[in-house]
Amino acid sequence: STQRVAWAPGFGGRPFWVDDPAFDLDRHLDERFLPTPEQEALDDLYGELATRLLPRDRPLWDLTLVHGLPGGRQAAVVRVHHAVTDGTGVVGAFTAATGAEQGAPVPECRAPAAAPLDRRAMLAEAVAGFGPWAVGLGPLLRDGVRSARRSRRFRAAAPDLPGGLTAPRTPLNVPSGGQRVCATASLPFADLVSVRRATGTTVNGVFHAVVAGAVRAELLERGGDVTRPTVASFGIAADRGERRWGNAVTPTNAALFSNLADPVERLRETARSCQEAVELRRSTGVDMAGRLAEASCRLPALFRRVFADSWPRVAGHVVTANVPGSPEPRWVGDVEVAEWWSFAVAIPPSDVNLTAYSYAGRMNVGLVTTPEAVP
């Protein structure tokens, strides 16, 4: 991306994507050397980079080449703002930038000529867009009422499905600062598939059962309440195409049955709740979250900042993502992409974020959190 965000005078709540006439690739590249070759040192670097804000005066991404890994390997750490793309878009961009075979030519990408920034034109566009935005509130309100009715009918048949600010806080949902910490782990994908087949569930359900077990262990270690289920918030992709940018996910909440000591029972109940959560969101409209966000501009973020540390209940205790990636290794010319991890964002009050990407026979899980939430 060679575009950055800009605001029209008087319309600070709704930014525009504009070409960056001063785009300079060198401003987006960095190089680091690990002090030790252990994975923990790389995880520490992930945490350091996750703490840094992307400068708003340039396109919202950068790349850090990391040396010092075992076996002569290198890590390419790409940071990209969630406003640019979501997990599905990341898969599309990764696939487009790599090849399925060794030696495959790297696709060439040329930046288009930048158009000059015209704030008067942006202001005119913002003013012109106000009318259609106001007119669109009527259909949005109508569809929102219909969606709420469908949700009530669905929840009547799934009474334990969480929703809204209904979950009591846990030791994972505490006031936090600006520091972030990261960790990585890998699970054999074939093992998850075997469990899925043996239990008649889904890979997504098995993954969330693993998360439920981890949450239970963490709460037991810290004296938390394990007498009731916890809640995971995750996004559902509205498309499965080859999109390389943009956001097309809608959030939903599922119960993690971390209150159940038996792992098989915990798996079955958690997988059932995940399936119900997906069906609920598809029945109420996967586009509703995007339409509401478009209409409300920055209001949700404002309310989150005000109430994140004070509201007694939360929408979810942890945030998760499970994104299917390439089953085979990808290549950049003659260089094999041996591993691939992804981290999302840790946003109060649910500062524990687990992002899983399947890649080359593994399910790689990236944890980003705060030291306050997970000491």
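First, the ground rules. Residues are numbered from 1 along each chain as its sequence is written, and side-chain values use heavy atoms, with hydrogens and water left out. Because the model is predicted, local features need pLDDT of at least 70 and side-chain atom pairs count only at pLDDT 80 or more, while totals for chains, interfaces and linings use all residues.

Start with Arg79. Arg79 sits in strand E5, residues 75-80. Strands are DSSP runs of at least two residues (E), helices of at least four (H or I), numbered from the N terminus. Buried means under 20%, exposed over 50%, partly exposed in between (1.4 Å probe, protein chains only). A polar atom of the Arg79 side chain lies 2.6 Å from the backbone oxygen of Arg52.

Now the salt bridges. Here a side-chain nitrogen of Lys or Arg lies within 4 Å of a carboxyl oxygen of Asp or Glu. Arg272 is in helix H6 (residues 263-284) and Asp160 in the loop between helix H3 (119-157) and strand E6 (167-168), so the pair ties together parts 112 residues apart in sequence. Arg272 is partly exposed, at 28%. Asp160 is partly exposed too, at 33%.

Next, Asp287 and Arg291. Their side chains meet in a salt bridge at 3.9 Å, N to O. Salt bridges with shared partners join Arg142, Asp143, Arg146, Asp287 and Arg291 into one network.

Technical notes. Polar contact = N/O pair within 3.5 Å; in protein donor to acceptor, adjacent residues only side chain to side chain.
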